[in-house]
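The following note sets out points for a colleague who will work with the structure shown below. The points are numbered so that each may be taken up separately.

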Amino acid sequence: MLPLMERELVGPYLSKQDFLDITAVAQSAPGIMAINVAILTGYRLCRVPGACAAALGAALPSFIIILLIALFFRKFAENPFVQRVFMGVRPAVVALILVPVFTLAKSAGVTLKTVWVCVAVALAVWLLKISPVYVVLVAVLCGVLFGKKERAQ
Amino acid sequence: MIYWQLFFTFFKIGLFNFGGGYAMISFLQNEVVYKQAWLTTAQFTDIVAISQVTPGPVGINLATYTGYTTGGIWGAGISTLAVCLPSFILLILAGKFLFATREKYSLAWRILRLVVIGLIAAAALTLCNGENFVDFKSVLLCAGAFLAVWKFKRGPITVLLASAALGLLLY
């Protein structure tokens with residue numbers, strides 16, 4: 001969605017540099033990237049009302065499309081034809097989620113020294129059902145504490 | 001009250017979800033499938049599939065669909081709003097500060113990147129159960145889809161449409 005946003009926003013609303021700054025800040029916050037960019041762009045142009053309007057505009061099309069699909073799907077989920085389709089789709093979904101694990105590991109430069117963090121997180125969340133919320137909290141805490149030590153040295 | 005529960009659940013997800021749509025799958029699984037048991041694994045997988053083939057941010061799609069299945073149209077609205085609200089508040093009140101943490105606490109950010117990879121792996125592993133993998137054909141479908149995306153650089157829509165057609169043929 002970002003390239004699309006850049007094409008629409010850079011020029012009439014933002015300079016190229018503004019857009020880059022906004023994407024960088026948007027990436028520093030939790031939540032949905034495209035919505036974060038919308039919030040910041042709207043805020044820059046018209047403060048809080050602008051942020052509300054932009055976020056609403058960015059979310060509404062998917063909201064409506066998904067609602068329509070959900071309405072349709074509730075009626076047809078039991079249909080044997082639909083059932084067969086999804087029996088094929090489900091394993092493929094697992095593959096689609098598995099691919100970014102490897103692409104991200106490559107781009108994040110995961111090494112043998114750091115891979116244990118990924119493995120430990122995966123096992124804790126998958127097998128021990130530990131909430132990802134706690135995992136994120138612990139990660140931030142460790143990062144801040146050890147980061148201080150690192151800087152002190 | 002289901003609406004309050006939806007609001008709190010999705011607000012929490014919106015507040016802690018670093019790492020985009022794929023990482024969000026792991027948060028949702030833990031809250032929606034495991035803790036609240038609002039959806040079965042198969043239902044949840046179907047939602048992920050649908051949000052992959054529809055336009056728009058995956059996070060919005062997932063929140064809307066889960067909200068609708070659990071609480072109707074109001075549930076959908078509340079969940080979608082709740083998932084966006086934390087970043088809305090944070091960005092407007094503390095956008096500059098958040099950005100500054102990237103340099104000041106760079107170690108925390110580096111660890112978060114590793115955590116996100118682990119979370120996405122956990123999401124995929126959690127989906128590997130008897131509901132999604134009914135027989136050896138499912139395993140072949142998964143392996144085929146993986147190769148198509150990883151090796152042959154096919155997009156998610158192509159892969160899901162092909163696997164839908166194969167589902168019709170095979171089952």
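1. A term is needed at the outset: a residue counts as buried when its relative accessible area is under 20%. The model discussed here is a predicted one.

2. Is B:Glu31 buried or exposed? B:Glu31 has 4% relative accessibility and therefore counts as buried, since the cut-off for that class is under 20%. This residue belongs to helix α2 of chain B, which covers residues 20-35.

3. The surroundings of B:Glu31 may be described next. Its side chain is in polar contact with the side chain of B:Lys35, at 3.2 Å. When neighbours within four places in sequence are set aside, B:Glu31 is in contact with B:Thr9, B:Lys12, B:Ile13 and B:Gln36 of chain B, and also with A:Ser131 of chain A.

4. On the side of chain A, 81 residues are in contact with chain B, and on the side of chain B, 90 residues are in contact with chain A. The two chains bury about 7800 Å² between them, and carbon and sulfur atoms account for 81% of this area. Within chain A, the residues that lose the most area to chain B are A:Pro30, A:Leu96 and A:Ile97; together they make up 9% of what that side buries.

5. How many salt bridges are counted between chain A and chain B? The count is one. A salt bridge joins the side chains of A:Arg90 and B:Asp46, with an N to O distance of 2.7 Å. Polar contacts across the interface of chain A and chain B number nine residue pairs, with both residues at pLDDT 80 or more.

6. Which elements of chain A give two or more residues to the side that touches chain B? They are α2 (16-27), α3 (33-76), α4 (80-107), α5 (115-126) and α6 (132-152). The largest share comes from α4(A), with 25 residues. Sorted by class, the side of chain A that touches chain B holds 62 nonpolar, twelve polar and seven charged residues.

7. Chain A is divided into domain 1 (1-76), domain 2 (78-109) and domain 3 (113-153). Between the C-alpha centres of domain 2 and domain 3 of chain A the separation is 26 Å. For chain B the assignment gives domain 1 (2-130) and domain 2 (133-171), and the C-alpha centres of these two domains of chain B are 25 Å apart.

8. The contact between the two domains of chain B takes seven residues from domain 1 and five residues from domain 2. The area buried between these domains of chain B is about 470 Å², with 67% given by carbon and sulfur atoms. B:Gln52, B:Val53 and B:Gly130 supply 65% of the area that domain 1 of chain B buries against domain 2 of chain B, more than any other three residues.

9. What polar interactions link domain 1 and domain 2 of chain B? Zero salt bridges are found across this interface, and one residue pair is in polar contact, with both residues at pLDDT 80 or more. Helix α3 of chain B (residues 41-53) gives three residues, the largest share of the side of domain 1 that touches domain 2. By class, that side of domain 1 of chain B has four nonpolar, three polar and no charged residues.

Note on methods. Residues numbered from 1 in each chain as written. Chains lettered and ligands numbered in written order. Predicted model: local features only at pLDDT ≥ 70, side-chain atom pairs only at ≥ 80, totals over all residues. Heavy atoms only, no water. Contact = heavy atoms within 4.5 Å. Buried area = accessible area lost by both parts, 1.4 Å probe. Salt bridge = Lys/Arg side-chain N within 4 Å of Asp/Glu carboxyl O. Polar contact = N/O pair within 3.5 Å; in protein donor to acceptor, adjacent residues only side chain to side chain. Helix = DSSP H or I, 4+ residues; strand = E, 2+ residues; numbered from the N terminus. Nonpolar A, V, L, I, M, F, W, Y, C, P; charged D, E, K, R; others polar. Buried < 20%, exposed > 50% of the residue type's maximum accessible area, 1.4 Å probe, protein only. Domains from an automatic or database assignment.
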